[in-house]
Amino acid sequence: MAKKLKIGLFGFGCVGQGLHYVLNNSTGFKADIIKIAVKDKTKERSVSKDLITFDKYEILNNPEIDVIVELIDDAEEAFNIVSEALKKGKHVVTANKKMLAIHLEELYALQQKYNVSLLYEASAGGSIPIIRTLEEYFDNEELEKVSGIFNGTTNYILTKTINEKLSYPVALKQAQEKGFAESDPTNDVEGFDPKFKAVIIALHAFGLIIKPDEVLNLGITTLHENDIKYASEKGYKIKLTPVIQRLDGDKVGVLVTPRFVKDTNQLFNVENEFNGVIVEGKFSGEQFLQGRGAGSYPTGAAVLSDISALSHGYKYEYKKHVQKHASDFTNDVIITAYFRYNSNADLEKIKFEEISEKYNSGDYNYVVGKVNLENIIKNRDYILTNSLFISLVNDKISLNIKNIQSIKKENQLATT
Ligand SMILES: NC(=O)c1ccc[n+]([C@@H]2O[C@H](COP(=O)([O-])OP(=O)(O)OC[C@H]3O[C@@H](n4cnc5c(N)ncnc54)[C@H](OP(=O)(O)O)[C@@H]3O)[C@@H](O)[C@H]2O)c1
């Protein structure tokens with residue numbers, strides 16, 4: 001019979017309380033939370049005072065505790081807690097995507113050095129079991145692409161602004177009232193949160209360890225009603241989607257931008273706070289997973305699933321990283337994009353390589369065409385401060401032709 005684990009929990013907010021509830025209302029798997037560390041000494045708690053501590057070392061130095069569960073909302077302190085726990089030989093479960101994405105390399109190394117397990121299913125896609133699916137089911141198959149909707153707050157706002165014609169501030173306020181968006185929604189609406197998730201997924205899908213700073217994130221803050229009208233007239237919905245895609249020459253491109261999505265795409269009907277992930281395998285084709293990407297119980301359930309996996313000795317093997325199947329990351333990719341701009345100076349800055357559609361009127365100008373992602377990255381701040389809007393028109397990204405030529409040249413040299 002699996003060992004009954006003793007848990008030390010950090011954080012008793014939305015997810016921490018969700019885990020407590022789910023654990024106490026699950027049949028079958030049993031574990032005990034023996035201590036909970038929190039921060040605010042004045043807050044009323046729904047659990048016995050004896051369980052609460054304000055001193056992290058009451059958990060970290062307790063030899064009785066087998067598993068540390070880290071569910072706080074401060075990424076730097078979370079890293080301190082998690083790395084200290086791993087160094088002490090404790091297994092850890094966390095949901096903290098920001099902390100993971102920023103420190104993936106160090107956390108990977110700590111797991112190897114101290115032979116401990118760090119699990120984080122809840123960090124990407126909430127209750128959608130994407131990481132273990134990539135890690136276990138797709139451990140051998142080469143993947144072509146992973147894309148999806150990884151942020152419930154922005155998907156809720158987009159659903160309300162597009163389907164119900166609510167204004168952006170009203171939709172954002174509703175998302176905050178329903179508890180999907182935080183009071184400072186920057187991480188969500190500017191696309192940082194889905195970028196952190198994309199960075200985590202890139203490791204399990206393609207063996208890549210990349211820094212979040214290397215990846216473009218454009219959010220939905222500059223979306224204008226003209227963009228919504230354009231998309232609707234063409235039969236598209238607008239979704240904020242990370243795309244992690246294999247390109248020619250074993251390179252991988254990663255980006256987070258709004259995207260026009262057709263009704264033939266599974267993501268078209270992923271609405272409100274729901275998340276969806278499409279995994280495309282070289283041989284298996286397309287698989288689609290949909291579920292609740294956030295919330296107290298769904299996220300608590302994902303954390304509990306990791307704790308249960310730990311009780312059976314489970315550890316990520318990071319096969320794609322270890323086997324040196326690992327691909328290289330590049331931003332030298334061409335995307336097909338819609339670009340709403342104000343002046344010719346904007347267009348000159350972004351430098352489209354090919355334009356297939358162009359419209360100019362006094363107050364609404366756009367082009368659709370092919371553009372190098374690096375030009376967009378260089379001008380990200382310019383795009384945001386001038387309220388310009390960029391959306392992928394399809395999710396096909398391709399390696400820049402110059403890059404392909406240099407890879408071919410390298411291959412020729414290697415074989416002569
Ligand atoms: N909410 C979701 O649906 C969701 C989904 C997926 C992943 N996540 C991730 O899960 C984590 C927790 O999110 P949440 O929504 O549960 O946050 P939350 O509701 O804001 O709760 C945060 C908790 O962390 C505690 N805390 C903060 N700093 C601490 C410190 N230095 N030491 C000990 N405790 C500390 C707070 O203590 P006090 O109670 O004393 O204030 C509070 O209990 C975050 O990394 C988040 O990104 C959340």
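Start by selecting helix 5 (residues 130-137) and helix 9 in this predicted model. Their axes are 8 Å apart, and the two helices pack at an angle of about 15°. Angles under 35 degrees count as roughly parallel, so helix 5 and helix 9 are roughly parallel to each other. Their crossing is left-handed.

Next, show the side chains where these helices meet. From helix 5, pick I130, I131, L134 and E135; from helix 9, pick I200, I201, H204 and A205. These two groups of residues meet each other.

Now colour the domains. The domain assignment gives domain 1 as 5-119 and domain 2 as 132-295 + 326-403. Between the C-alpha centres of domain 1 and domain 2 there are 32 Å. Ten residues from domain 1 and eleven residues from domain 2 take part in the contact.

Then turn to the nonpolar cores. Which residues touch the most other members of the largest nonpolar core? Select V69 and Y120: they do, in a core of 108 residues. Keep helix 9 (residues 192-206) on screen, as this helix gives the most to the core, with nine residues. Domain 1 and domain 2 both give residues to this core, so the core lies between them.

Zoom in on V69. What is V69 in contact with, leaving aside its neighbours within four places in sequence? The list is I7, G8, L9, F10, L19, V93, V303 and I307.

Last, select L347, V367, L373 and I383. They are among the 23 residues of another core, which lies apart from the largest one.

Technical notes. Residues are numbered from 1 along each chain as its sequence is written. This is a predicted model: local features need pLDDT of at least 70, side-chain atom pairs count only at pLDDT 80 or more; totals for chains, interfaces and linings use all residues. Side-chain values use heavy atoms; hydrogens and water are left out. A nonpolar core is a set of buried Ala, Val, Leu, Ile, Met, Phe, Trp, Tyr and Cys residues joined through side-chain atoms within 4.5 Å. Buried means under 20% relative accessible area, exposed over 50%, partly exposed in between (1.4 Å probe, protein chains only). Helices (H or I, at least four residues) and strands (E, at least two) are DSSP runs, numbered from the N terminus. Domain bounds come from an automatic or database domain assignment. Contact means heavy atoms within 4.5 Å. Axes are lines fitted to C-alpha atoms, for helices over the stretch in contact, and angles run from 0 to 180 degrees between N-to-C directions. Angles under 35 degrees count as roughly parallel, over 145 as roughly antiparallel, 65 to 115 as roughly perpendicular and the rest as oblique. A crossing is left-handed if the near helix is turned anticlockwise from the far one by less than a right angle, and right-handed if clockwise.
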